[in-house]
Amino acid sequence: MHTGVTIAYTHDLVDWDRLADIFVHAPFATRLPSDIQKAFTNSYACCFAYTHDGVLLGAARAISDGVYYAVILDVVVAIEHQGHGMGGALMTGLLEKLPVEKIYLTAPPDKQGFYKKFGFYKHNNTMARYAHPEAAFENGVLSKREPWSLARLSRNFTGSKPGNDQMFE
């Protein structure tokens, strides 16, 4: 990771306009700074990466019930700082704040290998509902077909663990 980078767990000093800019250029999403602030403020846990002089470089957040489930969202690093361990530092910091039984996240196919390093596996029985699903269908994020078979589900629920060949199929 870059030297001189600090991971912080409070959102009191966040430059929300800067974070919105990071989202756009990462590339991640176009979001209003006020919406990003509301999302992070309402989250169970969040962490932020800063330079030694206080420039925001990345962020991550999670929602949780604090006991059983958590969902990691919005892991984002400024494009010029990607590939230097900052995303890993954000994930490590966030996971330390989530002592729950199950942690979920969504990840594009090109980032799934990154999350695999933290013990994440492809989840076979999750569904999603989007307010505006058209782009998600077009990009292959959502599918109208059943992604699992009853035979595979019953095999997985009998206690057998997926093999390495089943991870991130």
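**Val77 and its surroundings**

Modeller: This is a predicted model. Beyond its neighbours within four places in sequence, Val77 touches Ile22, Ala26, Leu57, Gly58, Gln82, Met86, Gly87 and Leu90.

Colleague: Is Val77 buried or exposed, and at what relative accessible area?
Modeller: Val77 belongs to strand E4. The cut-off for buried is under 20% relative accessible area. Val77 is therefore buried, and its value is 9%.

Colleague: Where is Leu90, and what is its relative accessible area?
Modeller: Leu90 sits in helix H3. Its contacts, leaving aside neighbours within four places in sequence, include Ile7, Cys47, Phe48, Val76 and Val77. Leu90 is buried, with a relative accessible area of 0%.

Colleague: What is the C-alpha to C-alpha distance between Leu90 and Ala49?
Modeller: Ala49 is among the residues in contact with Leu90. The two are 41 residues apart in sequence. From C-alpha to C-alpha, the distance is 7.1 Å.

Colleague: Why is helix H3 described as largely enclosed by the rest of the structure?
Modeller: The buried residues of H3 include Met86, Gly87, Leu90 and Leu94. Strands E1, E2, E3, E4 and E5 and helix H4 are included in what covers the buried residues of H3. H3 is largely enclosed because the buried part of its 11 residues comes to 8.

Colleague: Which residues have the most contacts inside the largest nonpolar core?
Modeller: That core has 19 residues. E2, E3, E4 and H3 each supply at least two of its residues. Leu94 has contacts with Ala45, Cys46, Cys47, Ala60, Arg61, Ala62 and Ile72, leaving aside neighbours within four places in sequence. The residues with the most contacts inside the core are Ile72, Leu94 and Leu98.

Colleague: How many residues are in the other core, the one with Leu19 and Tyr50?
Modeller: This core lies apart from the largest one. Ala20 and Ala78 are also among its members. Its size is 17 residues.

Colleague: What is the handedness of the β-α-β unit made by E4, H3 and E5?
Modeller: E4 and E5 pair in the parallel sense, over 4 bridges. Tyr69 stands opposite Lys102 of E5. With H3, the two strands make a β-α-β unit that is right-handed.

Colleague: What is the distance of the polar contact between the side chains of Thr51 and Asp53?
Modeller: Thr51 lies in the loop between E2 and E3. Thr51 is buried, at a relative accessible area of 18%. Leaving aside neighbours within four places in sequence, Thr51 is in contact with Gly4 and Leu57. The polar contact joining its side chain to that of Asp53 is 2.3 Å.

Colleague: In what order do the helices and strands run from the N terminus?
Modeller: The protein has 6 helices and 5 strands. From the N terminus on, their order is β-α-α-β-β-β-α-β-α-α-α.

Colleague: What share of the accessible surface belongs to carbon and sulfur atoms?
Modeller: Buried residues account for 32% of the 169 residues. The accessible surface comes to about 10,900 Å². The share belonging to carbon and sulfur atoms is 54%.

Technical notes. Residues are numbered from 1 along each chain as its sequence is written. This is a predicted model: local features need pLDDT of at least 70, side-chain atom pairs count only at pLDDT 80 or more; totals for chains, interfaces and linings use all residues. Side-chain values use heavy atoms; hydrogens and water are left out. Buried means under 20% relative accessible area, exposed over 50%, partly exposed in between (1.4 Å probe, protein chains only). Contact means heavy atoms within 4.5 Å. Accessible areas come from the Shrake-Rupley method with a 1.4 Å probe; for residues, only the protein chains shown count as cover. A polar contact is a pair of N or O atoms within 3.5 Å; within protein, one must be able to donate a hydrogen and the other to accept it, and residues adjacent in sequence count only if both atoms are side-chain atoms. A nonpolar core is a set of buried Ala, Val, Leu, Ile, Met, Phe, Trp, Tyr and Cys residues joined through side-chain atoms within 4.5 Å. Two strands pair if DSSP finds at least two bridges between them. A crossover is right-handed if, with the strands pointing away from the viewer, the path from the first strand over the helix to the second runs clockwise.
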